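This report concerns a metal site and the charged side chains of one model. Please examine the sequence and structure shown here before reading on.

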Amino acid sequence: MSDYFPEIQSPILFEGPQSRKPLAFKWYDANRVIGGKTMAEHFRFAVSFWHTFKGTGADMFGPAAWARSWNAGSPMEIAGHALRANFEFCQKLGAPFYCFHDRDIAPEGGTFAESCKNLDAIVAQAKQLQNDTGIKLLWGTANCFSNPRYTHGAGTNPDVHAFAYAAAQVKHAMDATHELGGENYVFWGGREGYETLLNTDYKQEQEQFAAFLQLAVDHKKKTGFTGQFLIEPKPKEPTKHQYDFDTATVLGFLRAHGLYEHFKINIEANHATLAGHTFEHELTVAAAEGKLGSIDANQGDMLLGWDTDQFPSNLYSTTAAMLAVFQQEGGIGVGGFNFDAKCRRGSVDALDLFYAHIGGMDAFARGLIVADKIAADNALANFVAERYASWKSPLGQEILAGKATSESLEAWVMQHGEPKPKSGRQEMLETILNDYLIGA
Ligand code: XUL
Ligand code: CO
């Protein structure tokens, strides 16, 4: 194994909650079985290449702040170093998966052909490293938002030339993901939106976007790629308005354009809060339709209000998230929990990447343990079932079966009079949640 992280000489181990060692898992025990599945199977944790190996700590007010041993040599040499650092990191951490954008793992060349050649060369190295280490690709994607050619969008660009370029780039990134056995392929519409309606033909852009996704669906069929397609909603940033605003909007768009069956949703916690939702709201909306495909595990900061991509540490949020994931038959399926998260600028050491990921994995493991206890005891479910019990009555069944009419309901109300409000018991339920969280 190469040595980009010499401070870590053996894999991070599970030591249990009594351990006080920061470089150990207190809660994430890959082999522990919860609800019939191991923790490893519940989570399928992934390391995101862009933050972990291309992140520099730069922000709007300051340049790169982190020195990394893998940033040495020519662009292609750096790419090789970063790739090997990724596999070393995943192995030492015990994360079974990684995720990338095409331009994270290989530098963009002077021409499209050169960019493709760079990517192919790195994919060949990645394939070898995957075989050597057993680390797998959770998903790949194309970066169709950083290069200035995508300033006005990729699939929604008013210039068909830019559209064609993006479609070609996505084709190549899909082929790379296919070659590496990627289990999913993600579409995040980084600049698929608008800055001002004054220069935007909204209807035209929606149609273009559907055509863009249809091309990928067709290519998938042609090549036999079996990875799951995912759309990752985000309401804004970098654009003022992003078309994939939230899960409900994306599902509506897919339905309207005959694309519904081809995609599931990749939900990111910080994107949910940017949309004015909770993380668990977005997970619940997707799970209700069996469309919860994968998760970008991070958290935002309510006081900052932008996409801060912090490592998850909020146990209320991870518990609520796991309760929502339970709502979907089979849980996360072939998706996973990808840490689309970065250390704060002040966390300057490569070692901080370990602390951050260990903390995130432990935070979700605790969420899973608590959610499982709540579910096993029906601590919330019994109350919810009781709350809707009247729908099991003949009247409720008649309405749900579509047999009631406005007239039949008018007659029923004439006979039965006023409904009596019943308590929703919010405070009682919040206290039950607290008891499980602290008691577990
Ligand atoms: C940006 C974001 C992306 C996607 C992949 O906010 O979340 O990194 O996850 O393009
Ligand atoms: Co993301």
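What geometry does the site of the cobalt ion (ligand 2) have?

## Cobalt site

The site is octahedral, with angles of 82 to 171 degrees among six donor atoms. Six donors count as octahedral if opposite donors are over 155 degrees apart and all others between 65 and 115. Glu 232 (OE), Glu 268 (OE), Asp 296 (OD) and Asp 340 (OD) coordinate the cobalt ion (ligand 2) at 1.9 to 2.1 Å; donors are N, O and S atoms within 2.8 Å of the metal (3.2 Å for Na, K and Ca), and water is not among the atoms, so sites may look incomplete.

Glu 232 and Asp 340 are both buried (under 20% relative accessible area; exposed is over 50% and partly exposed in between, with a 1.4 Å probe and protein chains only).

## Basis of the model

This is a predicted model, in which local features need pLDDT of at least 70 and side-chain atom pairs count only at pLDDT 80 or more, while totals for chains, interfaces and linings use all residues. Residues are numbered from 1 along each chain, chains are lettered from A and ligands numbered from 1 as written, and side-chain values use heavy atoms, without hydrogens and water.

## Salt bridges

The count comes to 13 salt bridges, each a side-chain nitrogen of Lys or Arg within 4 Å of a carboxyl oxygen of Asp or Glu. One of them joins Lys 92 and Asp 3 at 3.3 Å, N to O. Lys 92 is buried at 5% relative accessibility, whereas Asp 3 is partly exposed at 45%.

Asp 102, Arg 103, Glu 108 and Arg 149 form a network of salt bridges.

Conventions: Tetrahedral: all angles 85-135°; square planar, octahedral: opposite > 155°, others 65-115°.
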